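Please open the structure in your viewer and keep the selection tool at hand. The stops below are meant to be taken in order, each with something to select and something to look for.

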Amino acid sequence: THAPTAETVTIETPLYRATFSTQGAALIRWELKQYTEAVDGHEPVVLYPPPNQSSEQSPLALVVPGEETLPFNTATYRLEGSSIELNNDHPTGRLRFVLETSGSPTADQASAHRTITVEKELIFHVETYRVDLAIRVDGITAPYQLSLGDSFGIHQGQVQPQRGFIGHLGPISLINGELVVDKSDKLPMTTVTHTGDVRWTALEGKYFVAALIPRIPAQEVAVTKHGAAGISASLVLPPGLRHELALYAGPKEYKRLSALKAGLEQTIDFGWFMFWSLSLVRVIAKPLFLLLQFLHDYTHNYGITIILVTALIKLLFVPLTHKSYTSMKAMQGLQPKMAELQKKYKDDKERFNRELFALYKTHKVNPLGGCLPMVLQIPVFVAFFNILYSTIELRHAPFFWWIRDLSSQDPYYVLPVIMGLTMLLQQKMQPTTMDPSQARIMLIMPVIFTFFFLTFPAGLVLYWLVNNILTILQQYVTMRLQQPAPSPP
């Protein structure tokens, strides 16, 4: 008798299109219909393309260490169900794959006649990326691995990402309440295991993730590296039991991940910046992000939302900025006296410092007061950078006119140039304690900042630009209020 020919079956929902094969009962393609590769493109994001080679491990493949000859992934399963298109009238769909096969011949002749049964059942839902999965394997004694497949969920787009800014790419698991991150470039070419209460294991990219979430915590995760690029994560499950899980394969949307109630939203690292993950940034970034989302529900434009959030942040910093300006103004007024002290104690540095601090104390001036608001705004700036660079909600989010993606740089460099000009104006308005030659050197700072901001996300430049404009307005109002009253004639 000839083996039955493998067939494919497609699940179509408003969110994704998934293709399964009866060979191995494995997923062979998963594309996201709501996300495109380019801003104005029509090519959908493909989280799992068809395998390039037969050795590639497909999602939902089964692996039994030491018994690789078992035909779990090469045999043709019996399919119960057919292609499905889900909509509001048909909100759920079901596929069931069944395999009955005899064991491979070994030294133990009894095992040659054993019957092995595999059942995989999948239930799909119309408005979620979650797929309910039930699996049972009978006829084997060793634990088996249910694999996420090679690089499923690690979408890098058409352009190779800048590794330093991308965050983590690869396996990540929640075990014993702690995130366990496997760095792909540090993994050996063997299987690495982690044990404990496994809430989920996943493969993550910058914006997307694929995860296996067991209903009852599993006890082991296996991470395997295949060649230079392939990597997979698997749940290790005992045979003879019916295991219920959820497969999530989609965007790292905070609301969707939180709704799973499995802690999968922790794959969005709000603390990520450059080469590190910083807890201070995370503390600031997460509330900022939630505020952005809340306001966006009313504005429906993330550019306007960024302007509103910038104004709110500026409002919080108004007392500090005012104190900074008055401190710098007071320092400017002390310049002649400081010059006198410098001249008087030019040969006695210790005495000069004592007299200088006494001068500050007498006039109640803090020499660091002018820098404090800038220092305190740096963590906010880094948090905004992290949100705009890492969260999928800002991916391809338009503003107005030529700004069609707030997570990418301004294509015409308009915002960075205007930002540089506002920085220059702000610097001109600030009281200075420097001599004219030093002040001229400091004018190069706006040029340096403009150069750096050329490649920053447009949303981040917008934040800094609006912040500068509001600072200029505040400085203007403060200057008017602090002007001395005109002397009577």
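## A covered strand and its partners

In this predicted model, begin by selecting strand 9 (residues 115-125), which is mostly covered, since eight of its eleven residues are buried.

Next, select strand 10 (residues 130-138), which pairs with strand 9 in the antiparallel sense over eight bridges. Strand 9 and strand 10 form a hairpin, with four residues between them, and within this pairing Val-118 has Val-137 in strand 10 as its bridge partner.

## Phe-72 and the nonpolar core

Now select Phe-72 and display its surroundings: leaving aside neighbours within four places in sequence, Phe-72 is in contact with Val-118 and Val-137, and also with Gly-24, Leu-62, Val-64, Tyr-77, Leu-99, Ile-116 and Ile-140. Widening the view, the largest nonpolar core has 118 residues, and Phe-72 is one of those that touch the most other members, together with Phe-20, Trp-30, Phe-152 and Phe-384. Helix 7 (residues 372-390) supplies the largest share of this core, with nine residues.

Move on to Asn-301, which sits in the loop between helix 4 (279-299) and helix 5. Is Asn-301 buried or exposed? With a relative accessible area of 10%, Asn-301 counts as buried, because that value is under the 20% cut-off. Not counting residues up to four places away in sequence, Asn-301 touches His-296, Pro-398, Phe-399 and Phe-400.

Then select Gly-303, which lies in helix 5 (residues 302-344) and is buried, with a relative accessible area of 0%. Beyond residues up to four places away in sequence, Gly-303 touches Pro-398, Phe-399, Leu-406 and Leu-462. If you also mark Ala-397, you can see that its C-alpha atom and that of Gly-303 are separated by 8.3 Å, although the two residues are 94 residues apart along the chain.

## Two sides of helix 10

Finish with helix 10 (residues 444-453), and colour its buried residues, Pro-446, Thr-450 and Phe-453. Looking down the axis of helix 10, these buried residues fall within an arc of 70°, so they line one face of the helix. Turn to the other side of helix 10, where Val-447, Phe-451 and Phe-452 are exposed.

Technical notes. Residues are numbered from 1 along each chain as its sequence is written. This is a predicted model: local features need pLDDT of at least 70, side-chain atom pairs count only at pLDDT 80 or more; totals for chains, interfaces and linings use all residues. Side-chain values use heavy atoms; hydrogens and water are left out. A nonpolar core is a set of buried Ala, Val, Leu, Ile, Met, Phe, Trp, Tyr and Cys residues joined through side-chain atoms within 4.5 Å. Buried means under 20% relative accessible area, exposed over 50%, partly exposed in between (1.4 Å probe, protein chains only). Contact means heavy atoms within 4.5 Å. The arc is that of the directions from the helix axis to the C-beta atoms. Two strands pair if DSSP finds at least two bridges between them.
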